Amino acid sequence: MPSVTPYLPSVDTYQAAQLDALGDATRRAIVERLLAGPLSVGELASHFPVSRPAISQHLRVLKDANLVLDRPEGTRRVYELNSEGFASLRDYFDQFWNQALAAYKNAVEDRSNEEER
Amino acid sequence: MTTTVDPVTAVPVRKGITVKAPVERAFKVFTEGFDSWWPRSHHIGKSPLAEEVLELRVGGRCYGRCIDGSECDWGSILVLEPPHRLVLAWQITTQWQFEPDLAKSSEVEVRFTPQDDGSTRVELEHRHLDRHGLGADAVRAAIDSPNGWGGILALYAVQAEGSAAPAQ
């Protein structure tokens, strides 16, 4: 994994719940699996050394944190990532550019009286 | 994951800031001085960042040079109109890898407008974010960087104290 520090949106209780939900290694692994596309509980369980009820419990926590959605598909129920629940790419850049432009402004103004490079 | 365009992600991020410097200097610090202010933590290389480099010509690369000597491309220059306008392709995938395909890259346009008082208005637009896919990098960020929060808050603190010295 490359070294990237994300500039995530400000902390609030909603996101704190999400961080808690992602504080568990199995739940993070579930989310990583769902990055590739929707899966049923059974499909998810086949990837993990834990019981299907345990997977269901993890999915419930993720669902309560708005990180996953579930919907019926034929006779089964599939889970997918809730794109609205995660900080969107837009939020990410919104925060990132605030930080970057503040640093840019300092760079411009701090050197105003210096010789040009 | 759904394949429909996230309507939120389709909206550009727009930022504006006024800097107390003439337009020539504002443009020069943004471009030639890019390395002096770019947040050090925003870097996709496998080793720490030594220097950010913008090749200042249309088609020029934007890359980070790591301390181990490797280079990590993250963008390219689409438009270069000193001292008023710059457009970069933002070529980073949701997996934090270089994206060679411009059709899957977003764009950052920066406009520099002189003001009557000698300052410069800098307007930034980061658009076509939906080309990267659905917020998956925010997912990655949340998953892969559990320590990210401390760093963010520290950066905010530095800014709040007015000593956001670029780069170290």
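Colleague: In which strand of chain B does Cys62(B) lie?

Modeller: Before answering, please keep in mind that this is a predicted model. Cys62(B) belongs to strand β3 of chain B, which covers residues 61-66.

Colleague: Is Cys62(B) buried or exposed?

Modeller: To decide, one counts the C-beta atoms around a residue, and 20 or more within 10 Å make it buried. Cys62(B) has 21 other C-beta atoms within 10 Å, so it is buried.

Colleague: Which residues is Cys62(B) in contact with, leaving aside its neighbours within four places in sequence?

Modeller: They are Leu54(B), Trp74(B), Gly75(B), Ser76(B), Ile77(B) and Leu88(B). Separation along the chain can also be set beside separation in space: Glu52(B) is 10 residues from Cys62(B) in sequence, and their C-alpha atoms are 7.6 Å apart.

Colleague: How is β3(B) paired with strand β4 of chain B?

Modeller: The two strands pair in the antiparallel sense over 5 bridges, with β4(B) covering residues 71-81. One of the residues to look for is Gly64(B), whose bridge partner in β4(B) is Cys72(B).

Colleague: What is the order of the strands in the sheet of chain B?

Modeller: The sheet is open, has 7 strands, and reads β1-β7-β6-β5-β4-β3-β2 with antiparallel pairing. At its edges stand β1 (13-19) and β2 (49-54) of chain B, and each has a single partner strand, so one side of each lacks a neighbour in the sheet. On average, neighbouring strands of this sheet are turned by 20 degrees against each other, direction ignored.

Colleague: Which helix packs on this sheet, and which strands does the helix touch?

Modeller: Helix α1 of chain B, residues 23-31, packs on the sheet and touches β1, β2, β5 (85-90), β6 (106-114) and β7 (120-127) of chain B. The direction of α1(B) makes about 155 degrees with that of β6(B).

Colleague: How many helices and strands are there in chain B, and in what order do the elements run?

Modeller: Chain B has 4 helices and 7 strands, and from the N terminus on its elements run β-α-α-β-β-β-β-β-β-α-α. Of the 168 residues in this chain, 34% are buried. If one takes the contacts in chain B between residues at least 6 apart in sequence, 43% of them join residues at least 24 apart.

Colleague: What span should α4(A) have, at 1.5 Å a residue?

Modeller: Helix α4(A) holds 13 residues, residues 52-64, and should span 18 Å, which agrees with the 18 Å between its end C-alpha atoms. After α4(A) comes Asn66(A), whose phi is positive, near 65 degrees.

Colleague: Which residues are buried in helix α2 of chain A?

Modeller: In α2(A), residues 25-35, the buried residues are Arg27(A), Ile30(A), Val31(A) and Leu34(A). These residues cover an arc of only 95 degrees around the axis, which puts them on the same side of α2(A).

Colleague: How do strands β2 and β3 of chain A pair?

Modeller: Strand β2(A), residues 68-73, pairs with β3(A) in the antiparallel sense over 6 bridges. Glu73(A) stands opposite Arg76(A) in β3(A), and 2 residues lie between the strands of this hairpin, where Gly74(A) takes a positive phi near 65 degrees.

Colleague: Which residues have the most contacts inside the largest nonpolar core?

Modeller: The general idea is that in soluble globular proteins nonpolar side chains tend to be buried together. Here the largest nonpolar core has 33 residues, and those with the most contacts inside it are Tyr104(A), Val108(A), Ala26(B), Phe30(B) and Val110(B). At least two residues of this core come from each of α5 (89-110) of chain A and β1, α1, β3, β4, β5, β6 and β7 of chain B. The largest share, 7 residues, is that of α5(A). A second, separate core of 14 residues includes Ala21(A), Ile30(A), Leu34(A) and Leu44(A).

Definitions and conventions:
Residues are numbered from 1 along each chain as its sequence is written. Chains are lettered from A and ligands numbered from 1 in the order in which they are written. This is a predicted model: local features need pLDDT of at least 70, side-chain atom pairs count only at pLDDT 80 or more; totals for chains, interfaces and linings use all residues. The expected span of a helix is 1.5 Å times one less than its number of residues. A residue is buried if 20 or more other C-beta atoms lie within 10 Å of its own, exposed if 12 or fewer, and partly exposed in between; C-beta atoms are placed from the backbone. Two residues are in contact if their C-beta atoms, placed from the backbone, lie within 7 Å. Two strands pair if DSSP finds at least two bridges between them. Axes are lines fitted to C-alpha atoms, for helices over the stretch in contact, and angles run from 0 to 180 degrees between N-to-C directions. The arc is that of the directions from the helix axis to the C-beta atoms. A nonpolar core is a set of buried Ala, Val, Leu, Ile, Met, Phe, Trp, Tyr and Cys residues joined through C-beta atoms within 7 Å.
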